[in-house]
Amino acid sequence: MKYKIILFFILIIAAFIRFYSLDTIPGGVYYDEASQGYNAYSMLKTGKDEYGKALPVFLRSFGFYASPLYAYLSTIPIFVLGLSIFSTRLISALSGVLLSFLTYQITKKMDVKNNQIIALIASFITAISPWSILFSRGAFEANLALTVFVAGLYFLILSFKNKFYFILASAVLAVSTYAYQSERIVALVFLTVFLAVFWKHYSQSKKIILSAMFLFFIIQLPQFLLLSSKGASIRFAQLSYIDSFTQQTYFLTPFLNNIFIGFNIVQEFFSQYLAYFSPRNLFFDPDTQSIRSIPLLSTFYPWMVLPFFMGIKFLVENKKELLIKILLMILFIAPVPAAAVSDPFSTLRVLPLLWVIGIVISFGIYKILMFIPKIQFKISLSVILVILSLLHLYISYFVLLKHERSKDWGYGYKELVQKLHGESKQIVIEDNNGPAYIEYAFLTKYNPQRLQAQADPKITADYYNFVEFNKDIELDNVEFKSINYLEIEYKDQIVVVDPKAFSKEDADSHRLKLISEIRDKRGEVLFTIYQTSPKKI
Amino acid sequence: MKLKILLIFFVTLLNFWIWRIFQFNPWVGILAVVDSFLLTFLFLEQKYTKKILLVLLFLTLIQTWLIRTDINFKLEDPRPEEILQQHERKFYYTQDLGKLFLNKISLNYYQNYDLFFYKLQRNFFYILDPNLYFFGGHPRERGTYEFEKFPFIYLPFFIAGFLFLILKIKKITFIYIFISLILSTFINPAFRLGPVFLFPLVTSLVGIGFIKIIFRK
């Protein structure tokens, strides 16, 4: 009973950290979040996405193809709460809390001494890990995918006692592949390796295994059928480093050249793969993309490096334990898709790995606590580390990220929409920094049917293969496009420009009248709103 | 035993790093080779451990003296952009943290030690990056500050050696590892030899990995 009470408090902490000011921190709404939220809204209202496609298998998002499960599930909170930043992020935040719960349920199945205590530590580490908090507080489909994947894992573990759970596990793992691209590879490879390793255990229940495989295949079928489409592979093709090697000539003999290219590709793959286990990346350097990282904080807290090494010791010592075998499988498989692309240490693509590393750290913490002789010292050390970690998190996430990353998270669009609300004149918004139309559609809850009516017919005709993206679009009296400054002053209109591309001196020379400026939390001007004066010419 | 010694000898000399060290200063190179042998012995054998540790520490002291100009216990001076960022952040902290930040202890720490500890952590975690040793550098820094240290085919042996170390680490060897990690943290990150104090550790782990895999013990 006492363990359940502690777990309850851990889940309260997990929920508090994930839901506190969820709609305002991160400030604004990121393009991908706006796309997920608006498409969910569109599907809820019309049964189709923003391009008019019913039940998409891959969700077209600015010329890329995202996994659709997040948008499908988001229709529920959007139905209940309406379209907002909070309702769009809700599924991800709930996934983060559920992940802490599942982590406890899974680790307590370990057949080792004090498994309940280890499970509680693992659940708590998941609850307070920076990576989990960052991705739970944004509409990241990868975060949902991880929770679905871990749920599948939980059923797999249950299937050791009751084989019928294997069918459920296969179904859930198959569903996870609709939640994020990496899971398409990770879930498939993991299930195959799992069966190969534990075949002896399942070989007596061939009917169940066949049913489970059949179910897995049926759920996967829509994706399999689209495997050759551009939508299924465009992301990998854009990010892969293979072309950068194959385009080089190292030797005049093709045979030697091919060998050298192959060697270089293998070397780069292992270098990228190894980067996912590097303490430098896990405990110090944040992800290179501002949207996937927190200032001054990496995926885990720096002090966790010591428990990480101790945890590896625990893994090796208990390598025959069922759960450890499963964790090791994930540990080796999870970085494979990410290591095949040139983006070094992309945290979003390896969430299953980060989840396992969190558990490894928990093992290490348990080992360290066992070294400490007196209970008072154990409690004191734990309390100090928790306070320091939460303080570090507060400073990095709730203070620095709020100020320093507000622009990256789309801060300013909400204020811009409010400023332009009710304006009857033609408005032109410069969208050099990203697809601004989706921000506008999201924040104004633009009628999805009217947006669908604007979709390029080529997209409607060949949804999964037509990958070109044109972000210039007109929503009623608001145009989104790159502005031609030579023509700007000849029409009576309001123009919203990027101050970095168009200075106040430029505005004066074009006789534009400043209406307003929108600044980010640092005071940097994000948008400048001008009124043209064509009558003076 | 002879075969094992030969193996360690090959690992110590068949890498790019040691020749770079020799080129820079032969004495540092000789000390690195001797340290590698002694450390492997310390990891694998039970005899004379205290004496070996003392010799290792003495040789490390000489090595420190030989490259003293590239060790900076104050770490490098803050760059103008770092100072600017520190000022900006001070404003955010004042705004959001209130008295938690605006007190003597926090302000003193922030003004005088925050950047130092940040750089200390950065240097520490950079030297723990296995990419630095087996792939010339981190994938993020392709083309800058890179130099080949060990061929990447040594990596599986290093991992085997590392697992051995983690399972069988003796308290006495931990002292040497700790000291070499700390000294490497204070080496100038742009130093042309890299974290040279860690050469013996990496070499002996690769060597032990070879022994464990080839001799299966």
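Start with one pair of residues: Ile429(A) has Val496(A) in β6(A) as its bridge partner. That pair belongs to strand β3 (residues 426–430) of chain A and strand β6 (residues 493–497) of chain A, which are parallel and share four bridges. Some terms before I go on. Strands here are DSSP runs of E of at least two residues, helices are runs of H or I of at least four residues, and both are numbered from the N terminus. Two strands count as paired if DSSP finds at least two bridges between them.

A word on where the values come from. This is a predicted model, where local features need pLDDT of at least 70, side-chain atom pairs count only at pLDDT 80 or more, and totals for chains, interfaces and linings use all residues. Residues are numbered from 1 along each chain as its sequence is written, chains are lettered from A and ligands numbered from 1 in the order in which they are written, and side-chain values use heavy atoms, with hydrogens and water left out.

Back to the sheet. It is open and mixed, with six strands of chain A in the order β4-β5-β3-β6-β8-β7. The edges are β4 (473–475) and β7 of chain A; each has a single partner strand, so one side of each has no neighbour in the sheet. From one strand to the next, the twist averages 20°. Angles run from 0 to 180 degrees between N-to-C directions, and axes are lines fitted to C-alpha atoms, for helices over the stretch in contact.

Lying across β3, β6, β7 and β8 of chain A is helix α21 (residues 413–420) of chain A, at about 15° to β8(A).

Now chain B. Chain B has eleven helices and zero strands, and its C-alpha atoms fill a box of roughly 65 × 35 × 30 Å along the principal axes.

How many residues does each chain put into the contact? Chain B gives 30 residues and chain A gives 40 residues, contact meaning heavy atoms within 4.5 Å. The two chains bury about 3,300 Å² between them, with 67% of that on carbon and sulfur atoms. Buried area is the accessible area, with a 1.4 Å probe, that the two parts lose on being put together, summed over both.

Between chain B and chain A there are four salt bridges, a salt bridge being a side-chain nitrogen of Lys or Arg within 4 Å of a carboxyl oxygen of Asp or Glu. One salt bridge links the side chains of Arg89(B) and Glu404(A), at 2.7 Å from N to O. On chain B's side of the contact, α5 (80–97), α7 (114–127), α8 (130–134) and α9 (155–168) each supply at least two residues. The largest share, seven residues, is from α5(B).

The side chains of Asp129(B) and Arg280(A) also form a salt bridge, at 3.8 Å from N to O. This pair crosses between chains, from the loop between α7 and α8 of chain B to helix α15 (residues 279–283) of chain A.

Last, two backbone points in chain A. Ile25(A) and Pro26(A) are joined by a cis peptide bond, with omega about -5°; Pro26(A) sits in the loop between α1 (2–19) and α2 (31–46). Leu296(A) is not a glycine but has a positive phi of about 60°, and its place is the loop between α15 and α16 (305–317) of chain A.
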